[in-house]
There are 2 protein chains.
Amino acid sequence: MDEQFVVETWHYVLAKHAKAMCALERELGDRHGLGPSEFEVLDRIVHHHRKLRIQELCDEVHLSQSALSRVVARLEKAALVSRGVCDEDRRGVFVCITDEGRARHAEALPTQRAVLSEIFADAPALTL
Amino acid sequence: MDEQFVVETWHYVLAKHAKAMCALERELGDRHGLGPSEFEVLDRIVHHHRKLRIQELCDEVHLSQSALSRVVARLEKAALVSRGVCDEDRRGVFVCITDEGRARHAEALPTQRAVLSEIFADAPALTL
DNA sequence: GAACAATACATGCACTCGCATCTAATGCAA
DNA sequence: TTGCATTAGATGCGAGTGCATGTATTGTTC
């Protein structure tokens, strides 16, 4: 494995991540009152079209379980999602997006896309 | 610009960043008592072979000025760098790496490389 | 069924971060 | 020189994060 290449890739990831996170924090925050984590969680829920267990969300967003728990708490306080106990396993918690949450997400999505398009405009064609 | 591609790239960056950061925090922390930011700053200084102004470092690491100021403070407390006033501009501060800092960096470098190689082993060939 | 490990989520805590602000030094204009 | 805007870096503060732990529920083993 070419070490030089690995380090370059890492620097690329670091730079894009920092730039995008910073811009998302600013744009999503100022225009829609959402942090990147809040948006990410809403986005994941919207794309599933169903109730999700907190644990399922944990696999998809890059947050610790505790951080996710607090993001959901903030979203609930803002009335963008609601939490409900899971009947099959009463330890579990379902997270449902509310109409207001769906609306907020729909409103924020173009902002996120705009920011990302801007930042990854010159992105090299990753062969994923 | 293909929106799908942009979003995929973003997800790729998010995933690699989270994985690498997490692993670096663990490995560098446990084995060498360094956080990712501390290592990054040492690494930048080593690669310049000279005194650096804090401001110059600020351009190279992805940290706010205040965060960098504190990282340097921590490194100084650990005796890995030393701060000295800049004679041409007495507002400025030079950061010098100490012998101990250089040694610690040399010791941590293989760990960092190993972590990155592991994580970017399957990295697509970015055409940077 | 009782005791105990395991799991799902919440929470206390320490830490790092960015923003706003502060202090000190510099530059520039009147 | 004096006065004021600017710049370098430090610091108070609030917010978000991960780790360790707490609480409640479930599964398992005897």
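## Where the two chains meet

In this predicted model, 27 residues of chain B are in contact with 27 residues of chain A. Two elements of chain B each give two or more residues to the side that touches chain A: helix 1 (3-32) and helix 5 (99-119). Helix 1 of chain B provides the largest share, with 14 residues.

If you like to sort a contact surface by residue class, the side of chain B that touches chain A has 18 nonpolar residues, along with five polar and four charged ones.

## Two helices crossing in chain A

Now for a look inside chain A. Helix 2 (residues 36-46) and helix 4 (residues 65-77) of chain A pack with their axes 10 Å apart, at an angle of about 85°. The two helices are therefore roughly perpendicular to each other.

On the helix 2 side of chain A, the residues that take part are Ser37(A), Glu38(A) and Val41(A); they meet Val71(A), Val72(A), Arg74(A) and Leu75(A) in helix 4 of chain A. By class, that contact has four nonpolar, one polar and two charged residues.

## The surface near DNA strand C

Which residues come nearest to DNA strand C? Of the 23 around it, they are Gln55(A) and Ser66(A) from chain A, and Ser64(B), Ser66(B) and Ala67(B) from chain B. By class, this surface has nine polar, eight charged and six nonpolar residues.

Note on methods
Residues numbered from 1 in each chain as written. Chains lettered and ligands numbered in written order. Predicted model: local features only at pLDDT ≥ 70, side-chain atom pairs only at ≥ 80, totals over all residues. Axes fitted to C-alpha atoms, helices over the stretch in contact; angles between N-to-C directions. Helix = DSSP H or I, 4+ residues; strand = E, 2+ residues; numbered from the N terminus. Parallel < 35°, antiparallel > 145°, perpendicular 65-115°, else oblique. Contact = placed C-beta atoms within 7 Å. Nonpolar A, V, L, I, M, F, W, Y, C, P; charged D, E, K, R; others polar. Near = placed C-beta within 6 Å.
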